[in-house]
Amino acid sequence: MSAPNKKKILNDPVYGFITIPTELLFDLVEHPYFQRLRRIKQMGLADYIYPGALHTRFHHALGAMHLMGQAMQTLQSKGHRISDAECEAAQIAILLHDIGHGPFSHVLECCLLDSVSHEDISLILMHELNQQFDGRLSLAIRMFDGTYERPFFHQLTSSQLDMDRMDYLNRDGYYTGVAEGAIGADRIIKMLDLVDDQLVVEEKGVLSIENFLNARRLMYWQVYLHKTSICCESMLVQILRRARFLIRQGERVFAPDAFYLFLHDSVTMDAFRSDRNYLNAFTQLDDHDIWSCIKQWSLHDDPVLSTVSQMLLNRRLFKIMLSTEPFAGELVRELEDQLHRSGLSDDELSYFLVEGQATNAAYMPSGDRINIKLKSGKVIDIADASDLSNIQVLTNIVRRYYVCWAKDLKGIGKSVSW
């Protein structure tokens with residue numbers, strides 16, 4: 001019986017044909033941990049605003065792996081010594097960089113776990129896979145966590161100019177139809193080089209980097225932090241917050257066992273590391289668990305849980321206001337009075353009136369800088385290399401305050417009318 005062909009070619013709508021180049025990468029793609037990413041959308045609830053935004057973390061991870069392969073070829077073509085083992089490890093590191101995402105990705109990161117990031121879980125799962133694959137992921141893990149002695153591998157995996165960002169900007173722009181997300185990743189990758197094993201961009205790539213940073217800023221405020229996205233995500237968080245409250249009060253609330261565990265318990269990093277039940281349960285969770293629960297919860301006897309669940313299911317969204325300054329107390333009190341007149345108690349109010357803030361900076365020179373290599377060989381920061389004044393502006397943290405609330409609420413639970 002012949003061995004299966006593990007060198008697959010996939011047809012990707014963004015890049016065309018992409019290749020899974022090694023058997024180990026194929027086996028990782030086939031693993032249940034990675035296949036779970038098929039069931040987690042890349043952009044959470046963004047399809048409520050951009051109906052085409054239905055692509056998954058699975059798509060994104062494969063696309064980032066493809067770009068990493070291109071980056072390896074570019075650097076090798078410029079005379080840099082990169083072994084086949086390093087090429088494979090770099091592609092493994094970026095392939096698995098999002099494997100620790102839970103349902104709805106960033107939206108519920110604060111709700112399911114107690115101060116545990118998806119990067120932390122990705123690293124735990126990579127170590128778990130390393131045991132299953134007899135230590136063959138050790139080099140990839142060192143690249144992922146930044147302990148490998150050649151820092152450019154970590155920079156390609158996690159920095160302000162990594163393959164993660166290059167893929168998600170291109171891919172998210174494609175699926176949302178927002179043309180501003182297009183960044184010319186091919187050209188940027190062709191301009192990559194190394195100086196002392198640090199990632200740099202050749203001087204002739206400055207315009208492409210400027211476009212990349214501007215695209216990132218536009219995508220954040222037009223897509224990722226779109227006011228309706230903020231509103232949808234706030235509603236989802238309130239639904240889970242109410243379900244967790246009821247469960248901890250001893251109420252009967254439907255949830256699959258794996259999901260129920262995280263609603264019932266407060267799971268810290270120490271607990272996640274020490275109790276394997278949490279790891280096993282987490283790797284079973286995906287978006288479908290959340291939606292199936294929300295459908296059930298829309299019929300629950302608790303009027304708060306059922307009302308917000310019904311509203312999100314049927315896209316009857318909270319209203320939202322944005323401001324560059326904190327909202328005046330008088331405005332918030334007026335909204336509270338409106339909701340009180342709808343029949344809400346003080347305890348119920350916080351589920352229907354949410355305040356917060358969103359922040360973004362397109363480029364942070366205090367972090368991992370984007371370095372430009374001049375024709376003279378000198379290396380300088382992109383903010384100093386660019387002749388565009390707005391590059392300096394992009395380094396500023398932009399902050400937007402928001403308040404969202406259930407407007408025209410005529411009562412709660414099954415008696416809600418619109």
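D47 counts as buried, because its relative accessibility is 18% and the cut-off for buried is under 20%. Its salt-bridge partner is K41, with 2.9 Å between the closest N and O atoms. K41 is buried as well, at a relative accessible area of 15%. Please keep in mind that this is a predicted model.

**Salt bridges overall**
- The model holds 17 salt bridges.
- In general, side chains with opposite charges can pair when their charged atoms come close.

- R150 and D197 form a salt bridge, and their closest N and O atoms lie 3.2 Å apart.
- R150 sits in the loop between α7 (138-145) and α8 (152-157), while D197 sits in the loop between β3 (192-195) and β4 (198-202), so this pair ties together parts that are 47 residues apart in sequence.

- R171 makes a salt bridge with D167, the closest N and O atoms being 3.0 Å apart.
- Both R171 and D167 belong to helix α9 (residues 163-176), where they are four residues apart, about one turn of the helix.
- R171 is buried, and its relative accessible area is 0%.
- D167 also counts as buried, with a relative accessibility of 0%.
- Which residues are linked with this pair in a network of salt bridges? The network consists of D12, D167 and R171.

**The cavity**
- How many cavities of 30 Å³ or more does the model have? The count is one.
- The volume of the largest cavity is about 70 Å³.
- Its lining is made up of 13 residues, and G100, G102, E109, L113 and F282 are the ones that lie nearest the centre.
- Helices α5 (109-112) and α6 (118-132) are the elements that give two or more residues to the lining of the largest cavity.
- By residue class, the lining of the largest cavity divides into six nonpolar residues, six polar ones and one charged.

**To take to your viewer**
- For the salt bridges, you could look at K41 with D47, then R150 with D197, then R171 with D167.

How values were computed: Residues numbered from 1 in each chain as written. Predicted model: local features only at pLDDT ≥ 70, side-chain atom pairs only at ≥ 80, totals over all residues. Heavy atoms only, no water. Salt bridge = Lys/Arg side-chain N within 4 Å of Asp/Glu carboxyl O. Buried < 20%, exposed > 50% of the residue type's maximum accessible area, 1.4 Å probe, protein only. 1 Å grid on protein atoms, 1.4 Å probe; cavity = no way out; pocket = protein on both sides within 12 Å on 5 of 7 lines; lining within 4 Å. Points joined across faces, edges and corners; volume = space filled by probe spheres on them. Nonpolar A, V, L, I, M, F, W, Y, C, P; charged D, E, K, R; others polar.
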